[in-house]
Amino acid sequence: MTSPSRKPTCLKVSPDTSLLQPENQTGISSESPSTNANQLKQSNALQSSPNTASRVHVNDSRRDRSEQFTQLKQDVEAFGFHGIGNLRDISITDRSRLKSGVLFRSATPSQATSSDFIKLVLGIDLNTIIDLREKSEDMKDDGSRSLLRVFSHVSSRRVEELDYVRANDANTIAEKIFNDTAKSPNYIEERYSTMEASDFYQQEGKASSIREGSQILLGEMVPRSSSEDVLRRHEPDVSRDCLSNVNKQDIALQDICPVSLEVADAALQLEFGTGHTSRDVDDRMTNLDKQIDEFIQSSDDIPRIKYYLPLAERKTMALALMSAVSMRDKLKVTGKYLVGKTIDRSQMEQAKLYMLKKLDELGLLGLNKIILRYSQQNICRVLKIIATPRHHPVLVHCFHGKDRTGLIISLILRLLGIDPQQIADEYHLSEEHAMSPAGRAHFEHIGGLTVNKWCKAPRRVIIATLNHIDEEYGGIYNYCTSIGFTEEWQQELQKALLLPAT
């Protein structure tokens, strides 16, 4: 998309003003990427950004008092959802350029109220949910989980087809997924409350269970009706090359001692949701809103789907974390862990605490860098789903809806040429939910992590992340192309999310 010879400008923090200011050699351009002549020729929908301010305010306390950010907060509040935290239509970022009702972001929707359910299912007519977590993390969410009673899990085989499909065939593939779902739905939650609670919970979401008289379908049960007629026409493309590159990165990390990896993985079990107490299925079933039950039983089975496309999954994070530890410390922590497993359990806890402190040192920016490097395959899949109109409207979420979701949305906004100040403001909106008592509770029981650091969403972090993409990967267009989200796909994303040029 961008010319290889073109060097973008970098936004750096000015020490006396706490602003990011441009320097004309490396980093983020202060003007919209849409000013590139080649890109304008390819997509008339991509307009010049109305705000080409030369400075990006990253002083959160000052910027929070601005008229623009105050209006953003009011737009979120006016959205009127009560059980789903951090939910908003990304079009509020720039209403003059972005289509509304297409792409939404939120925290976990597991506690959606009956009002939220009706608004999303009947009002917005939500078609697709993308969960940026592993299914095992999703299964630990509290709440009625009512939305998941009308959304079917997309099988891993279907997900893999996204790696090789071309943009002009994307709607065909998506239509097959929806058609197969209509024939054999694979609901993530039970449809009716007549099901025995013992049949419901399947650890790690890997088992299938169909009991006579129940209405539940769990596991990998979407039929494998294929799309070979479409896939057979595809020659190997950038996606295949990209997957090879990603695999090479993973292979390089596999040199880490398996026991060392086990230490990091054990530490991260706390970080990624296993610190939650198991939900009481019986209580949850008896408290389900009767209006939702009635709606589900009386309505037609309209196919709606959910993808699990985890970013920063535990295995990846453990590998990346151990690769950042010196060999001396790696041997030390591994020794403690082995002693803890066989003799003194306190030594095991010390080893896990050490790894959590290493994660704390990396911080939010370090987390973003890990995701950008080691979760490229799923980033590409997420972008392709959002670029495919048949999936719309789409809701993207993780737990807080702040870090993994915030990174994905920021990448999309940057691809669309949205001004960095607007991207930073949109990212920072998530801090209010994450710093709430409910948001903080996720981290407060974990030793080794600085709660205030992980519950915030500083503008400075996302601008530094965009800077990193420019410096490490040559810009957002080069990064996306390298992971398989090619120029053709980028144009489809622009058409899907940008308002027509006037």
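Phe 81 is buried, with a relative accessible area of 15%. Buried here means under 20% relative accessible area, exposed means over 50%, and partly exposed lies in between (1.4 Å probe, protein chains only). The model is predicted, so local features need pLDDT of at least 70 and side-chain atom pairs count only at pLDDT 80 or more, while totals for chains, interfaces and linings use all residues. Residues are numbered from 1 along each chain as its sequence is written, and side-chain values use heavy atoms, with hydrogens and water left out.

Rings of Phe, Tyr and Trp (its six-membered ring) pair if their centres lie within 6.5 Å; planes under 30 degrees apart count as stacked, over 60 as edge-to-face and the rest as tilted. The structure has four aromatic pairs. In one of them, Phe 79 and Phe 81 are 5.2 Å apart centre to centre, with 40° between the planes, which makes the pair tilted. Phe 79 is partly exposed, at a relative accessible area of 25%. Tyr 473 and Tyr 479 form an edge-to-face pair, with 4.8 Å between centres and 65° between planes. Tyr 473 is partly exposed at 22% relative accessibility, whereas Tyr 479 is buried at 0%. Phe 79, Phe 81 and Phe 104 together form one aromatic cluster.

Rings can also have a charge over them: NZ of Lys or CZ of Arg must be within 6 Å of the ring centre and within 35 degrees of the ring normal. The charged end of Arg 390 sits over the ring of Phe 178, 3.9 Å from its centre. Arg 459 lies over the face of Phe 69, 4.6 Å from the ring centre.

Next come the strands. Helices (H or I, at least four residues) and strands (E, at least two) are DSSP runs, numbered from the N terminus. In a regular strand the side chains alternate between the two faces of the sheet. In strand 8 (residues 305-308), Ile 305 and Tyr 307 point one way and Lys 306 and Tyr 308 the other, and all are buried. Two strands pair if DSSP finds at least two bridges between them. Strand 6 (residues 128-131) pairs with strand 8 in the parallel sense over four bridges, and Ile 129 has Lys 306 as its bridge partner. Strand 7 (residues 152-153) also pairs with strand 8 in the parallel sense, over two bridges; here Ser 152 stands opposite Ile 305.

Most residues other than glycine have a negative phi, and most peptide bonds are trans. Asp 125, in the loop between helix 4 (114-123) and strand 6, has a positive phi near 60°. Ala 312, in the loop between strand 8 and helix 14 (314-323), has a positive phi of about 55°. Asp 125 is partly exposed, with a relative accessible area of 36%, while Ala 312 is buried at 1% relative accessibility. In another loop, between helix 17 (376-387) and strand 9 (394-397), lies Pro 393. A cis peptide bond joins His 392 to Pro 393, with omega about -10°.

Finally, Arg 404 lies in helix 18 (residues 404-415) and is buried, with a relative accessible area of 11%. The C-alpha atoms of Arg 404 and Asn 368 are separated by 7.9 Å, although the residues are 36 apart along the chain.
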